[in-house]
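Let's take a walk through a protein model together, looking at how its charged side chains pair up. Have the structure open as you read.

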Amino acid sequence: SAAKEFHDVFNGKPHHLATISPDKVHGCKLHSGNLGSTGSTIEWHYTHEGVKKFTKQIIEVDDGKYKVVYKIIGGNYSEYPNFHITYDAIPKPDGGTIVHWIFEYEKPDEKTPDPTSLLEYLCVLTKEIDAHIQEEAKAK
């Protein structure tokens with residue numbers, strides 16, 4: 001899929017993820033601001049590792065680069081101080097996209113595990129979004 005299409009779904013239409021991947025994403029609620037805009041506060045509801053979870057986040061959007069930073073401010077994973085999740089959808093010359101997921105966080109102590117399973121979860125979700133976009137393109 002094109003980087004713009006991925007960005008449009010994940011940032012501009014996050015409520016569609018509940019249809020694209022209903023076993024993983026249950027909804028995205030806007031608390032303040034405008035959907036897909038810098039400074040907006042959103043809340044994701046999802047299932048991860050068989051448990052229903054949520055995170056509240058403030059977003060920073062760079063539409064020119066198809067990049068979004070999610071700053072976790074509440075819910076699951078808020079035990080990691082300054083946890084920021086970034087995706088960067090980079091267009092490939094052949095029309096495809098490489099999506100980089102970047103986690104920046106502090107561990108409160110050495111016993112706290114790194115959130116690697118969340119990274120794996122997002123990689124699988126990215127593939128499901130790509131498959132959905134490609135299916136829609138074939139249907140047109």
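Start at Glu-49, which forms a salt bridge with Lys-53, their closest N and O atoms being 3.8 Å apart. A salt bridge here is a side-chain nitrogen of Lys or Arg within 4 Å of a carboxyl oxygen of Asp or Glu. Keep in mind that this is a predicted model, where local features need pLDDT of at least 70, side-chain atom pairs count only at pLDDT 80 or more, and totals for chains, interfaces and linings use all residues. Residues are numbered from 1 along each chain as its sequence is written, and side-chain values use heavy atoms, with hydrogens and water left out.

Are the two partners buried or exposed? Glu-49 counts as exposed, at 58% relative accessibility, while Lys-53 is buried at 13%. (Buried means under 20% relative accessible area, exposed over 50%, and partly exposed in between, using a 1.4 Å probe and protein chains only.)

Now hop over to Lys-92 and Asp-94, whose side chains meet in a salt bridge at 4.0 Å, N to O. Lys-92 is partly exposed at 35%, and Asp-94 is exposed at 61%.

Next up is Lys-107, which pairs with Asp-114 in a salt bridge, with 3.8 Å between the closest N and O atoms. Lys-107 is partly exposed, with a relative accessible area of 30%, and Asp-114 is partly exposed too, at 39%. Elsewhere, salt bridges that share partners link Asp-23, Lys-24 and Glu-128 into one network. How many salt bridges does a search of the whole structure find? It finds seven.
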